[in-house]
Structure formats: C-alpha cells, structure tokens
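Please read the structure shown here together with its sequence. The dialogue takes one feature at a time, with the general idea before the case.

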Amino acid sequence: MTRIALLPGDGVGPEVTRAAVAVLRAVGARFHHQFEFSEWPIGGVALRESGSPLPAGTREACLRA
C-alpha cells in the first residue's frame, strides 16, 4: 500500500487533487495496487484554520507518506 498525503490548497487545487485521486484509483484497480489517501490543510485554508500556512500536522503527514 502506498500512502499519499493530499494537499489540495486553494484555487484550482481541490479540483485538480480530486481528478488526480480518480486517476490513481483507476491505475490502482487496473494494476492491483492500493493507495491510502489522507487530506491535509495547506495555504490559505490552513492559515485560516490554524494560523500557519503549513501546520505541523500537515508537515508530519507528508513526512509519513
């Protein structure tokens, strides 16, 4: 299993991220591979939620992925 930390960010980021996940799921189904996705805040969304554009939890999730 491959862990992927999703960082949709702002603007078109969420739309692009959703499309990328759909592609990876199709690839995984075709080649019998599993992906584990987790979504984390970054950028303006994170800044509004936590006061930091790159919260510690997001950074740690990226390092684990």
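What follows is a tutorial dialogue on reading this structure.

Q: What should be kept in mind about the model and its numbering?
A: This is a predicted model, in which local features need pLDDT of at least 70 and side-chain atom pairs count only at pLDDT 80 or more, while totals for chains, interfaces and linings use all residues. Residues are numbered from 1 along each chain as its sequence is written, and side-chain values use heavy atoms, with hydrogens and water left out.

Q: How many helices and strands does the chain have, and in what order do the elements run?
A: Helices (H or I, at least four residues) and strands (E, at least two) are DSSP runs, numbered from the N terminus. Here the chain has 3 helices and 2 strands, and from the N terminus the elements run β-α-β-α-α. Along the principal axes, the C-alpha atoms fill a box of roughly 40 × 25 × 10 Å.

Q: What percentage of the residues count as buried?
A: Buried means under 20% relative accessible area, exposed over 50%, and partly exposed in between, with a 1.4 Å probe and protein chains only. Of the 65 residues of the chain, 22% count as buried. One case is Thr 58 in helix 3, which spans residues 56-64; Thr 58 counts as buried because its relative accessible area is 1%.

Q: Which residues does Thr 58 touch, leaving out those up to four places away in sequence?
A: Contact means heavy atoms within 4.5 Å. With residues up to four places away set aside, Thr 58 touches Leu 7, Trp 40 and Pro 41. For the chain, residues 24 or more positions apart account for 61% of the contacts with a separation of 6 or more.

Q: Is Thr 17 buried or exposed, and what does its side chain reach?
A: Thr 17 lies in helix 1, and it counts as buried because its relative accessibility is 15%. A polar contact is a pair of N or O atoms within 3.5 Å; within protein, one must be able to donate a hydrogen and the other to accept it, and residues adjacent in sequence count only if both atoms are side-chain atoms. The side chain of Thr 17 reaches the backbone oxygen of Gly 13 at 2.8 Å. Apart from neighbours within four places in sequence, Thr 17 is in contact with Leu 6, Leu 7 and Pro 8.

Q: How many salt bridges does a search of the whole structure find?
A: A salt bridge is a side-chain nitrogen of Lys or Arg within 4 Å of a carboxyl oxygen of Asp or Glu. The search finds 1 salt bridge, and the side chains of Arg 18 and Glu 15 meet in a salt bridge at 4.0 Å, N to O. Arg 18 and Glu 15 are separated by about one helical turn because they are 3 residues apart in helix 1. Arg 18 is exposed, with a relative accessible area of 54%, whereas Glu 15 counts as partly exposed at 44%.

Q: Where is Glu 39 found, and which residues does it touch?
A: Glu 39 is found in strand 2, and it is exposed, with a relative accessible area of 58%. Not counting residues up to four places away in sequence, Glu 39 touches Leu 6 and Pro 8.

Q: What is the phi of His 32, and where is this residue found?
A: Phi of His 32 is near 55 degrees, a positive value in a residue other than glycine. His 32 is found in the loop between helix 1 and strand 2 (35-39), and it counts as exposed because its relative accessibility is 75%.
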